[in-house]
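Have the model open as you read.

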Amino acid sequence: MVIRPWHMLAIGLVLGAGAACSGSGTGASPDGSVPGRGGAPGDGGLTKGDSGSTETGSMGDLGAAGGGPGGAGGPGGAGGPTADGGSGSDGGSSDAGSPADGGQPMAACQQDVSTRVPPAPLRRLSNFAYVNTVQDVLGTSMAASVFPSAGPATVDDLTTDGYHRVAHDVALAASQGTLSLDAFGKCDAGAFGEKTCAEKFVAAFIPRMFRRPLDAEDARTFAELFALGRELGGDYASGIRAVIEVAMQSPEFLYQVEVGTTVDPQRPTLGRPAPYEMAARLSYLLWASAPDDVLTAAAAADQLKTSQQIEAQARRLLADPHAHGVTREFYSQLFGIRDAMFSDGGAAAAQAQEETTRFVDDVVWVEGGDLATLLGASFSFVNASLAQTYKIDGVTSTAFRRVSLPSAQRRGILTQLSFLASRSPSVEDPRITHPSQRGGLIFERLLCGDLSQTPSGDQHMPARARNAGETAREWLQKAIAPAACQSCHQAIDPLGLAFEHYMSSGDWRDQDGTLAVDARGALAGVDTAGTVDGALELIDRLAKSRDVRRCHVGKWMESAYGRPIVAADACSREQVAEGFERTGGNIRELMIGLTQTEAFLYRPAP
């Protein structure tokens, strides 16, 4: 590593009395705006289309995994990859996947994995992973919404300025007023000398940030950076601040850098992640953070080579509370939880999100951990305000507690306020429910439907065009009359109309104006297809659907691997799907299964 001009710019901005960033504290928005939910660079969605993309985000927009509602399947009968790069055979499902989502004959998965080398795009840290890493390495708290909005492959002045501002704030907070290394490597600069303590800090800090051992070039470069920062800032803390800020803007921190190693000279296209790269793959999949000391030690001992070694580490990581944040983030994005809109602003949104967070934690980590419970549980967590909305007696405190839901009205995550309001942005009139938007979310996120060709918003008929006394169903029949609307609305409206008993406020209703609510709907294109009367019947069908479970596998794969699912992933997808079925739809075991696939264990050779 050498000091680049952008390093010098960073140092100058940090040490020049903070002139460029004066007044910005840790957690401030890098573009100077009020902190809010904004996509971080690399958190703006999964890269679509070309599987050869060189950069993508992770835990971003959970787009369709391929195909329509019935197209979430993979090939039949994939076995698990063996330690030497071949593919074992453990039976599996006999159903063939469709060409649209990479389906291949069963025999294809028994061939050498080098015939279908999985892609390995360069991944930038999501803002969720960025925040977790900084907090775990430095112990510095920061807000999760500190980045400018940018797409996953966008590198522009706004992006780089945002990263600089965040790095500046973190470095300033971590080092301000600190004249010893008590907070950085337990070294007293007064007793042992600044040079010695700076070297000790760099030796402890840089390997955690870069997820690999410190090399001689690193040590030399950051020693020079410390000395320059010390000279410009006039004190020891300034030198440390320069090291932190430059490291946080380095590509080796911002990206999951992988070079890989070869598996076999006879298979020149097939590689696998190097030991420290595999450690990072594991930790960012299951913790969304840097590897801990145990995982780093396993990498140093070359004990992350076989699928058994990797599974053992995965189970250890999954047993740690760090993993809870990954499932919270995944389901928050999958169900649009942070998109909820309320007439009274942030307080109601925060309560709704808190309910779903507690519910997801309980289902995944306390209960059996299966998808069917997430969709159809008879319980949730409410405080007095939510209890009033849900018509649950006996809850009078602001504290949340577990309660049984009204059995005839609510079940699982899809009847929680956070979901109901996320696609019903009529904060002025909670009776306007936007069934097309509710149905569209279910269609995309649970059925893997594709709405990418939906006309732009200005081509849609606004909800305010409803006539007085007109029900949502009557209005939709008028709104989708043009032929261009039919293909999408025939798929999504029957799903959303099943939720007509729920206003956007979350309240149950039996009347829509002066008319009785008509909540008839339908589920089409999946194994449990059929007509329904109300959301609970729809939820029952979704919870029992094998196609929904297969779609869910695809969503997790896209999120975990940080890229779209492509044809080369067909065998990996079937392996995970078969395991998900075998465990009854267990989400924890699905996460373990993601670490055992060809897509995780291998990559193109360097």
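A salt bridge here is a side-chain nitrogen of Lys or Arg within 4 Å of a carboxyl oxygen of Asp or Glu. This is a predicted model, so local features need pLDDT of at least 70 and side-chain atom pairs count only at pLDDT 80 or more, while totals for chains, interfaces and linings use all residues. Residues are numbered from 1 along each chain as its sequence is written, and side-chain values use heavy atoms, with hydrogens and water left out.

Searching the whole structure turns up 29 salt bridges. Three of them are below.

| Arginine 212 | Aspartate 218 | 2.7 Å |

Arginine 267 sits in the loop between β4 (261-262) and β5 (270-272) and aspartate 112 in the loop between β1 (55-56) and β2 (122-124), so their bridge ties together parts 155 residues apart in sequence. Helices (H or I, at least four residues) and strands (E, at least two) are DSSP runs, numbered from the N terminus.

How accessible is arginine 267? Arginine 267 is buried at 14% relative accessible area, whereas aspartate 112 is partly exposed at 29%. Buried means under 20%, exposed over 50%, and partly exposed in between (1.4 Å probe, protein chains only). Aspartate 218 is buried too, at 1%. Bridges with shared partners join Arg212, Asp215, Asp218 and Glu252 into one network.

As for the alanine, alanine 372 lies in helix α14 (residues 371-376) and is partly exposed at 34%.
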